[in-house]
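Try each task yourself before you read its solution.

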Amino acid sequence: MSDDPKNMALTTNLEALSLANHDFSFSLYKELAKTEKGNIFYSPFSIHVIMFMASVGAASKTFDEMIATIHLNKTTHSLESYRNLLEDLISENDNLKLATGMFVDTAFNVKDSFVENSMKYLKSSMEKLNFVNEPEQQRQYLNNWVLNKTNNKINDLFPKGSINRDTVLVLANAVHFKSGWEHKFNDAEDDYFYVTPSNKVTVKMMTLRHDLQYYHDSDLKFAALELPYEHHAFKMLILLPDAKDGLKELENNFSKINLHDISKKMTKYHVTVKLPRFKLEQTIKLENILSNLGCPTMFTPAANFSNIVENKNLYVSKVMHKAYVDVDEKGTEAAAATGMAIRMKRCLKMNEPKDFIVDHPFIFFILTKVSSIIFVGRMTKIDSLAQHIIREEL
């Protein structure tokens, strides 16, 4: 890249976006983990896109809160950089599909600048829908839009009653990922997964022996492993606590964990990996979570979305997120969608072999090759057809 100041600014802003993605992913995780006791799965990337899009229409305190929540500031909040980020992600290959849509009530005039910015920089489509007269019909239309964009994986993003006559604007983002592994696993066999040190369930455990990027942190007591997807455009990163009941301690140490640093510290080892097949689907209502993370005003009558419309009678009523992942011997399919409804007011030897046995609760990420986080998951229990609790004889 040349020393052109514009290019240098763009690089800096892209780095800032990458850092924002990382920090937002972890802040969401911490907030979700306060209420979610079991498995967790979400796309911080999808949520970030929708929050960024809505922030483009926000002003004053609402804008300040929103951009701080997604770990940006007035300098790094750049439409140009966001466009570059999205183009980089989507141009890589066909594994990742991203769709963003804006749906406006027919009687409602959105500012041209907001529509143009969303279409030009955020690759958003724009449609007029009659929410006032046909809210239920339009809810079904929106759910079908999401379903189509996620390879039929995300159903009913907008639940009954979430779209009503007061809805004037809906922002939706859907992301779908599907890829085979670079190194295929052997067929899965029955094995145990320890939900707790004394409770185990039978799962389908897949095995792989290959040279892989591995790192062990003896201070924070966890191991990290990278599983590349085909063409190396994406990878899965698994963080596995050393202890069978070590997940809580690992989560408590999140402030000391940076995935970019972990990637740099990794070394190639010949690793025997055992990983359970798993499938997850989760719906998350984000209003309270986003409020707690620092942007309560957008959900109240004090909200200012004056860059969307002249009159300031707008606030966000719903932010729905739904994500799905399916991991097996061949690869991974994952999808997520986020919808926002806006209403009117009213160091070891190189080749020493390693074992990486994922037989207890773990955290995983699906990342781009430059470590942008697309999906985050926590597996504490695994549903399997053959699942049954076996109590160890004490």
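The exercises below go from the whole chain down to single residues.

A note before you start: this is a predicted model, where local features need pLDDT of at least 70, side-chain atom pairs count only at pLDDT 80 or more, and totals for chains, interfaces and linings use all residues. Residues are numbered from 1 along each chain as its sequence is written, and side-chain values use heavy atoms, with hydrogens and water left out.

**Exercise 1.** Work out whether the radius of gyration of the protein chain agrees with that of a compact globule.

Solution. Start with the rule: 2.2 Å times the number of residues to the power 0.38, with the radius taken over C-alpha atoms. For the outline, picture a box of roughly 65 × 55 × 35 Å along the principal axes, filled by the C-alpha atoms. Inside the chain you'll find 9 helices and 16 strands (DSSP runs numbered from the N terminus: helices are H or I with at least four residues, strands are E with at least two).

**Exercise 2.** Find out how helix α2 sits in the structure.

Solution. First, locate α2: it covers residues 44-56, 13 residues in total. Next, check its span, which is 18 Å from first C-alpha to last, close to the 18 Å expected at 1.5 Å a residue (the expected span is 1.5 Å times one less than the number of residues). Then look at burial: 13 of the 13 residues are buried, so α2 is largely enclosed by the rest of the structure. Buried means under 20% relative accessible area, exposed over 50%, and partly exposed in between (1.4 Å probe, protein chains only).

**Exercise 3.** Describe the surroundings of leucine 239.

Solution. Leucine 239 belongs to strand β8, residues 234-241. Its relative accessible area is 0%, so it is buried. Leaving aside residues up to four places away in sequence, its contacts (heavy atoms within 4.5 Å) include Phe222, Ala224, Leu250 and Phe365. Take alanine 224: it is 15 residues from leucine 239 in sequence, but 4.7 Å away in space, C-alpha to C-alpha.

**Exercise 4.** Compare how open asparagine 151 and asparagine 152 are.

Solution. Asparagine 151 lies in the loop between α6 (135-149) and β4 (167-180), and asparagine 152 is in the loop between α6 and β4 too. Asparagine 151 is partly exposed at 38%, whereas asparagine 152 counts as exposed at 51%. Now check phi: about 55° for asparagine 151, positive although it is not a glycine, and about 60° for asparagine 152, again positive without being a glycine.
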